[in-house]
Each structure stands twice: as structure tokens, then as C-alpha cells.
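Work through the exercises below with the model open. Try each task before reading its solution.

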Amino acid sequence: MPLPYVLLSAAVSLDGFLDDTGPERLLLSGPADFDRVDEVRAAADAILIGAGTIRADNPRLLVNSAERRAARIAEGRPEYPLKVAVSGTGELDPAAHFWHTGGDRLLLTTDRGAARARELGVAADIVTLGEELEWRAVLEYLHDARGVRRLMVEGGGTVHTQLLLQELADEIQLVLAPLFVGDPAAPRLFGPGAYQRGRLRLLETRRIEDVVLMRYVPTAPGTGRGAANAADRHWLALACELAARCPPSRTAFSVGAVVVAADGTELARGYSREGGDPVVHAEEAALAKTDPADPRLATATVYSSLEPCAHRSSRPVPCARLVLDAGVRRVVTAWREPDTFVTAADGSGVLAAGGADVVVLAEYAGRAKAPNGHLLG
Ligand SMILES: NC(=O)c1ccc[n+]([C@@H]2O[C@H](COP(=O)([O-])OP(=O)(O)OC[C@H]3O[C@@H](n4cnc5c(N)ncnc54)[C@H](OP(=O)(O)O)[C@@H]3O)[C@@H](O)[C@H]2O)c1
């Protein structure tokens, strides 16, 4: 199921705290960074916070710049992003600023929480997602029912921790502020848990007055054939970008492929007809750059914009077999091979019969097909 792009945004002290335990909200950054946050908000379709942040900070979560609001309207978007609060209990102050400022407000909650929030008179569209609040259901609802494509999450720590642990966060925008809190009772950005393996990728650092913004994206592939994680989507998007680099052909598809170790290390990438070889396929080009003795291949994932081929006339071994022979047992692809050159080529079937998990993320099919439009009629 397609999900919104989920951006976690927070500021922390040097010792990793989101706030202190005093009654007032601790201001961790300054005017220039608040203005940057305003810009990020203006680019979002929705901004989400947990009920704990409403209770602790009583925030408004507005786009403060009149120019940015005007630009949103000019683009045909609502003046303010949708404001979304999540609560299990529904124990919310109906007088909180959140419910009385900005544009549309949505409370996503449980059956029990909805009853309580209605009883309290919370001024929002109150939607229950069942007995429990599952994050994937929250994101699917926002995507499908509310048209949210870009979701900014502004905390607090409980919400950030769950989204990261469930590998649903596409990006972290973290501001490090030069002060200490030093109180173990204060809220931390990320709590304990089984986080993704390996290192995240640093996209950017930016000095803003005396704070530093760091932007990270997750890299470690998901596992099995179940729901894809955020890193799976990033890598498949890269494979689709590589497909767009292929020298054009009237007799073969343009495909991109990336081989990624379980800890998120990129092992190799390739694309069709790379390096002047007129018949090389993307997976073949990428796998040729790996060391066949590399033990990481056994737990690696191959991302391919088009499913690996099951039959080919140009070389003796099709790519589905090359993937299996390399020891790889997980493939994420955007698009099943159409009958353009081979009838009923079932590369995914070959992979599955060989013990590999195949995940098809059809929401990327448009990007995978884009460089192949001339072959598809
Ligand atoms: N520095 C920053 O950038 C920043 C940003 C935001 C917040 N903060 C700080 O973070 C602190 C608040 O963080 P927090 O961790 O206490 O609260 P939080 O993450 O804002 O909210 C937690 C609450 O959200 C609801 N919730 C979250 N996940 C849920 C789930 N899966 N199912 C049902 N309900 C769920 C629950 O509400 P119910 O209790 O109603 O069930 C839960 O108690 C405050 O001190 C605030 O100042 C700092």
C-alpha cells in the first residue's frame, strides 16, 4: 500500500533531550531555525503530533509566514496543512490551541478514545481506527482518505520512537542545540528498542545560528516478503533513477538495479547497457561488481525497477537465476515484466521457486515504466 513520505522533525539538547521537566516548553533553537521549520511545515500536506505534546506544550502548529500560506493557496492547496493528533485515550484538553487555530484538524484515535474525545467536546474531525492505533493504518488512512503525500511529524519522543522502530520514517530532520538538560526525567527523542541495523545515510548538515541541522535517511532493507520499509522505498526509487540513465533501445527494457547489504551498505549498482555493453541487464551489471565470496550477499536485497528476467536470448543465464546463484534471497521490484519481448516471463516465479522473497511495490511502476514508454505503446 502506498504511504506518505514521513519526515520526523525534532530539536534536541546535546545530551539528547527534547525538553526539560519545567512547566514551560524548552526553546532549543532560535528564530532562524523556527523559520526553517515554518518552511518545512509549509511544504507538508499534514503535520502530526502525539497527545503528549499537546498536553506538554499546547502548540498551535501553524505556518506563520503569510507569504508561504499565500504560496500554498496559489498552488491550489489549503492555506494550512492538515493538523493531525494521535491519542489512544482521547484524554485531551478541548481548549488546547491545537483545536482552535489553523486549518482542518483531525484526531486519529481508538474506539475508546473517540468516545472520550467526543464527550470532552474536542473540536476536530474524530476518526477511530479500531481498538488499537496501528501506525501503518494511520499512514494508510492519511494517504488514502486524506490525500496526504508528505507528512511532517513534530513529536514527541513516543511518536518518533514508534515510527522509527517500525521502519516507517523516510527521513529524520534533527537539530542539535548547544545546551544540556541533564534531568533523567526529561523526555528523550528516541527511547530504547530494536532499531534498524547499520548506519543511516547523512543527506545534509546545515549550521543555523548556533544549532546544527542534520538530515538522515534510513538505509537498512526490510526483511521477508511482508510490507516494505522506508529504506526499501528509497532504494527502489534509486533503481528507477538508474533506469532513466540507460542508453535507449528498441529491443530491450531500460532497467536500474541496486544490491544492498542487510545493514544498509550499498554493495553495487547497475543499469541496462551500462559501460557500452549493448546487451547487459541491470541486475547482471550490478552483480558483476560484487565479490561472489562476499558473505553479505546471502542476506542482501536486490532492488530492480523491473522484475529480473526469466528468459533471455542475449545471454545464457537469465537475471532471476543470476540473483539466486549469487545467493541473494530477497528482491524488491516495481514492475512485473510485460509480454513485450517474452510471453509470460515470470521472473518473480523463478525467484520464489528458488527460495527468494519477492516484494512488488506497484506504486513505483510509473517511475519504472517512464524510460520504457516507447516500448509500451
Ligand atoms: N524538541 C522538540 O523538537 C519537541 C517536539 C515535540 C515534542 N517535544 C516534547 O516531547 C514531549 C512529549 O513527548 P511524549 O513522548 O510524552 O508524547 P508524544 O509522543 O507527543 O505523545 C504520546 C501520546 O500520543 C499517543 N500515542 C502515541 N502513539 C500511540 C499509539 N500507537 N496508539 C495510541 N496512542 C498513541 C498517546 O496518547 P494518549 O496518552 O492520549 O493515549 C501517547 O501518550 C514534550 O515534553 C514536548 O515538549 C519536543
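## Exercise 1: a helix across a sheet

Helix α7 (residues 230-243) lies across β10, β11, β12, β13 (330-333) and β14, and its direction makes an angle of about 145° with β10. The model is a predicted one.

**Task.** State in which order the five strands of the open sheet follow one another, and say which stand at the edges.

**Solution.** 
- Step 1. Write down the order: β11-β10-β12-β13-β14. The pairing in this open sheet is mixed.
- Step 2. Look for strands with a single partner strand. These are β11 (266-271) and β14 (357-360), so one side of each has no neighbour in the sheet.
- Step 3. Take one pair in detail. Strand β10 (residues 256-260) and strand β12 (residues 301-304) pair in the antiparallel sense, over four bridges. Ala257 has Ser304 in β12 as its bridge partner.

## Exercise 2: one tryptophan

**Task.** Decide whether Trp235 is buried or exposed, and find which residues Trp235 touches.

**Solution.** 
- Step 1. Trp235 belongs to helix α7.
- Step 2. Count neighbours. The cut-off for a buried residue is 20 or more other C-beta atoms within 10 Å. Trp235 has 25 C-beta neighbours inside 10 Å, so Trp235 counts as buried.
- Step 3. List the contacts, leaving out residues up to four places away in sequence. Trp235 touches Pro221, Val258, Val260 and Tyr303.
- Step 4. Check a distance. Trp235 and Leu267 are 32 residues apart along the chain, and their C-alpha atoms are separated by 12 Å.

## Exercise 3: a covered strand

**Task.** Find how many residues of β2 are buried, and which strands pair with β2.

**Solution.** 
- Step 1. Count. Five of the five residues in β2 are buried.
- Step 2. Sort the residues by face. In a regular strand, side chains alternate between the two faces of the sheet. In β2, one side holds Ala46, Leu48 and Gly50, and the other holds Ile47 and Ile49. Both faces are covered.
- Step 3. Take the partner β3. β2 and β3 run parallel and are joined by five bridges. Gly50 stands opposite Val86 in β3.
- Step 4. Take the partner β6. Strand β6 (residues 150-153) pairs with β2 in the parallel sense over three bridges. Here Ala46 stands opposite Leu151.

## Exercise 4: the ligand shell

**Task.** Say which residues come nearest to the ligand, and which element supplies the largest share of the shell.

**Solution.** 
- Step 1. The shell has 27 residues, and those that come nearest are Gly50, Gly52, Gly88, Gly155 and Gly156.
- Step 2. Name the suppliers. At least two residues each come from β1 (5-13), β2 (46-50), α2 (51-57), β3 (82-87) and α6 (157-165). The largest share, five residues, is from α2.
- Step 3. Sort by class. Eleven are nonpolar, eleven are polar and five are charged.

## Exercise 5: the whole chain

**Task.** Describe the chain as a whole: what are its secondary structure and its radius of gyration?

**Solution.** 
- Step 1. Twelve helices and 14 strands make up the secondary structure.
- Step 2. Compare with a globule. A compact globule of 377 residues would have a radius of gyration near 21 Å; the chain has 23 Å, which agrees.
- Step 3. Box the chain. Along the principal axes, the C-alpha atoms fill roughly 70 × 40 × 40 Å.
- Step 4. Note burial. Of the 377 residues, 44% are buried.

Methods
Residues numbered from 1 in each chain as written. Predicted model: local features only at pLDDT ≥ 70, side-chain atom pairs only at ≥ 80, totals over all residues. Near = placed C-beta within 6 Å. Nonpolar A, V, L, I, M, F, W, Y, C, P; charged D, E, K, R; others polar. Rg over C-alpha atoms; globule rule 2.2 N^0.38 Å. Buried ≥ 20, exposed ≤ 12 C-beta atoms within 10 Å, placed from the backbone. Pairing = 2+ DSSP bridges. Contact = placed C-beta atoms within 7 Å. Axes fitted to C-alpha atoms, helices over the stretch in contact; angles between N-to-C directions.
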